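Here are some notes to read beside the model, written for someone who is new to looking at side chains. Please keep the structure open while you go through the points.

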Amino acid sequence: MTSTSTPPGLARFNTLEEHAAHTALHEACASTAWAKRLLATRPYATPEDLYAASDAAMAELTAADLDEAMSGHPPIGRPKPGDPTSAREQRGMAGASDALKAEMLELNLAYQEKFGHVFLICATGRTGEQMRDAVRDRIGNTPEREREIVRTELGKINRIRLARLVEDD
């Protein structure tokens with residue numbers, strides 16, 4: 001693809017001043033190492049190139065980097081007040097029954113007690129019941145297995161958020 005076919009949002013991202021680009025990436029993922037890696041390989045010819053760079057950066061994150069990335073995510077069922085991104089992504093919990101919300105809170109707390117971090121899932125397009133079932137299934141994982149699932153889920157979330165960043169006009 002030539003630069004003339006670069007989507008306007010991606011072209012804008014490619015030309016952002018370093019600090020502004022880092023801020024935009026931090027809104028997608030709280031990992032400093034991930035953002036630095038993506039900044040180092042700008043400009044991107046296509047969104048797919050950006051997504052591939054994101055996936056590669058995600059694969060190289062250390063445990064501490066993953067912890068930093070997870071720190072940017074609120075618990076399922078409790079989106080950050082005033083944060084339209086987490087509210088949009090967790091929309092499946094918005095209409096959940098009080099019983100499901102209470103169960104999700106209990107499961108979130110049990111998960112966090114076991115693993116030491118928030119339950120993380122790519123919630124976009126999932127119902128409250130699907131998210132509940134996922135935490136039920138995953139709470140039995142070993143910490144090592146769960147860490148790799150979290151890495152995969154973060155990668156999915158990052159792709160969705162990057163798409164919003166580069167496809168906006």
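**Notes on aromatic rings and one proline**

1. Tyr111, Phe115 and Phe119 come together as one aromatic cluster. Please bear in mind throughout that this is a predicted model. When the whole structure is searched, two aromatic pairs are found, and the next two points take them in turn.

2. The pair made by tyrosine 111 and phenylalanine 115 is tilted, with 4.6 Å from centre to centre and 45 degrees between the planes. These two residues are four apart in helix 8 (residues 98-115), and therefore about one helical turn separates them.

3. How are the rings of tyrosine 111 and phenylalanine 119 arranged? Their centres are 5.2 Å apart and their planes stand at 80 degrees, so this pair counts as edge-to-face, given that planes over 60 degrees apart are classed in that way. Phenylalanine 119 is buried, as is tyrosine 111.

4. Elsewhere in the chain, a charged side chain meets a ring: arginine 42 lies over the face of phenylalanine 13, and the distance to the ring centre is 5.5 Å.

5. Where is proline 43 placed? Proline 43 belongs to the loop between helix 3 (32-40) and helix 4 (47-59).

How values were computed
Residues are numbered from 1 along each chain as its sequence is written. This is a predicted model: local features need pLDDT of at least 70, side-chain atom pairs count only at pLDDT 80 or more; totals for chains, interfaces and linings use all residues. Side-chain values use heavy atoms; hydrogens and water are left out. Rings of Phe, Tyr and Trp (its six-membered ring) pair if their centres lie within 6.5 Å; planes under 30 degrees apart count as stacked, over 60 as edge-to-face and the rest as tilted. Buried means under 20% relative accessible area, exposed over 50%, partly exposed in between (1.4 Å probe, protein chains only). A charge sits over a ring if NZ of Lys or CZ of Arg is within 6 Å of the ring centre and within 35 degrees of the ring normal.
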